[in-house]
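Visitor: Please take one part of this model and go through it closely. I would like to look at the nonpolar core and the aromatic rings.

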Amino acid sequence: MDIITIHKDTLPGYEEKLKMFFEEHLHLDDEIRYILDGRAYFDVRDKEDRWIRIAMKKGDLITLPAGIYHRFTLDETNYTKAMRLFVGEPVWKAYNRPADDMDIRTKYVVSLQ
């Protein structure tokens, strides 16, 4: 686990990181986040490929399964502090959409049926 504070005064490369987080992507591992302070949003898609916005606030926990397309952004306060939880070594690699030919994406889509 580690702690990330996302705010212009605390995160080096703040603007670039926010743009990267907001680009629709997937990961090879589950993404597990516990919000320690502030507020933010995770956006995921439903089966018809429409956006679903998940509002997160202090005390909320989310697990996004490996292979799900998602993106992340802050609310109007432009601040959140989150615990990032990992199984094993952290893997920071994001695969931007389209990544439909990846095994992990196929596995995720099959799990929905």
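Guide: What follows is a walk through the core, then the rings. The model is a predicted one. In soluble globular proteins, nonpolar side chains tend to be buried together. The largest nonpolar core here has 18 residues, and the members that touch the most others are Ile-6, Phe-72 and Leu-74. At least two residues of this core come from each of strand E1 (2-6), helix H1 (14-22), strand E3 (31-45), strand E5 (61-64) and strand E6 (70-74). E3 gives the largest share, four residues.

Take Leu-74 as an example. Leaving aside residues up to four places away in sequence, Leu-74 touches Ile-6, Tyr-14, Leu-18, Arg-39, Ala-40, Tyr-41, Tyr-79 and Thr-80. Another core, of six residues, lies apart from the largest one; among its members are Ala-66, Tyr-69, Ala-99 and Ile-104.

Now the rings. A pair of aromatic rings is described by the distance of the centres and the angle of the planes. The whole structure contains two aromatic pairs. One of them joins Phe-21 and Phe-72 edge-to-face, with 5.9 Å from centre to centre and 80 degrees between the planes. Because Phe-21 is in helix H1 and Phe-72 in strand E6, this pair ties together parts 51 residues apart in sequence. Phe-21 and Phe-72 are both buried. Together with Phe-42, Phe-21 and Phe-72 make up one aromatic cluster.

Rings also have charged neighbours. Arg-45 has its charged end over the ring of Trp-51, 3.9 Å from the ring's centre. Over the face of Tyr-95 lies Lys-93, at 5.1 Å from the ring centre.

Definitions and conventions: Residues are numbered from 1 along each chain as its sequence is written. This is a predicted model: local features need pLDDT of at least 70, side-chain atom pairs count only at pLDDT 80 or more; totals for chains, interfaces and linings use all residues. Side-chain values use heavy atoms; hydrogens and water are left out. A nonpolar core is a set of buried Ala, Val, Leu, Ile, Met, Phe, Trp, Tyr and Cys residues joined through side-chain atoms within 4.5 Å. Buried means under 20% relative accessible area, exposed over 50%, partly exposed in between (1.4 Å probe, protein chains only). Contact means heavy atoms within 4.5 Å. Rings of Phe, Tyr and Trp (its six-membered ring) pair if their centres lie within 6.5 Å; planes under 30 degrees apart count as stacked, over 60 as edge-to-face and the rest as tilted. A charge sits over a ring if NZ of Lys or CZ of Arg is within 6 Å of the ring centre and within 35 degrees of the ring normal.
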